[in-house]
Amino acid sequence: MNTKTEKTKGVRSLAATLAIAFFGISALALLFSSALQIVLNIQSQQAALSSNQQLIAQDASKTVSSFLQEKFSALETALEYANPVLVDAVTRKNILEGLLGLDPAFRQFALLDRQGRQLGQSSRVSQSLTPQFTLQFNSDLLSKTVDNQRYFSPVYID
C-alpha cells in the first residue's frame, strides 16, 4: 500500500493541470496587453509633447519675427529722413549715433558702401566695433544688401 500512495502524490489531477495552464495563459495575455498599452501610451504622449513643443516654437518664432520687423521699420523710417550716405563724415557719425538712441536693442552700427568699404560706424559698447561684428562683413552680406534684401546674421553673445 505504500507504493500506491507515493505514486498518487506525484500525479496531478486534470482539473489542477488545466487550472494552472489557464492561469498561465491568462497571465501572459494580460502581460502582453499591458505592455502593448504602455507602448501606445508612450507614443501618444510623445506625439502630444512634440505638438506642444512645435506650438511653443512657432509662438517664439512669431515673437522674434515681430521684434525684428519693428527694429527694421524703425531703422527704415529714420533713414528715410536722413540718408547717411549723402552727407559728410561728421553728420554721418551723428546720424549713426542718433540711430543707436532709437532703441536699446541697437548696440552697433556700421555703414558700408556697395563695395563693402566701411563709411562710418557707431557703437554703444566701445569706440571700435567688436570682432564678431566685423567678421560678418562678408560676401553674403554684401550680395543680399546690394539686392535690397534684409540680412540676418547669426546671433552672437558679446
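For this tour, buried means under 20% relative accessible area, exposed means over 50%, and partly exposed is anything in between. Keep in mind that you're looking at a predicted model.

Start by selecting L18, which sits in helix α2 (residues 14–81). With a relative accessibility of 41%, L18 counts as partly exposed.

Next, the charged pairs. How many salt bridges are there? The count is two. For one of them, pick K71 and D103, whose side chains meet at 2.5 Å, N to O. K71 belongs to helix α2, while D103 is in the loop between α3 (89–100) and β1, so this pair ties together parts that are 32 residues apart in sequence. Both K71 and D103 are buried.

For the other, go to K93 and E97, with a side-chain contact of 3.8 Å, N to O. These two are four residues apart in helix α3, which means about one helical turn separates them. K93 is partly exposed at 33% relative accessible area, and E97 is partly exposed too, at 40%.

Last stop: select residues 108–112 and 118–123. These are strands β1 and β2, paired antiparallel over five bridges. Find Q108 and look across to β2, where S123 stands opposite.

Definitions and conventions. Residues numbered from 1 in each chain as written. Predicted model: local features only at pLDDT ≥ 70, side-chain atom pairs only at ≥ 80, totals over all residues. Heavy atoms only, no water. Buried < 20%, exposed > 50% of the residue type's maximum accessible area, 1.4 Å probe, protein only. Pairing = 2+ DSSP bridges. Salt bridge = Lys/Arg side-chain N within 4 Å of Asp/Glu carboxyl O.
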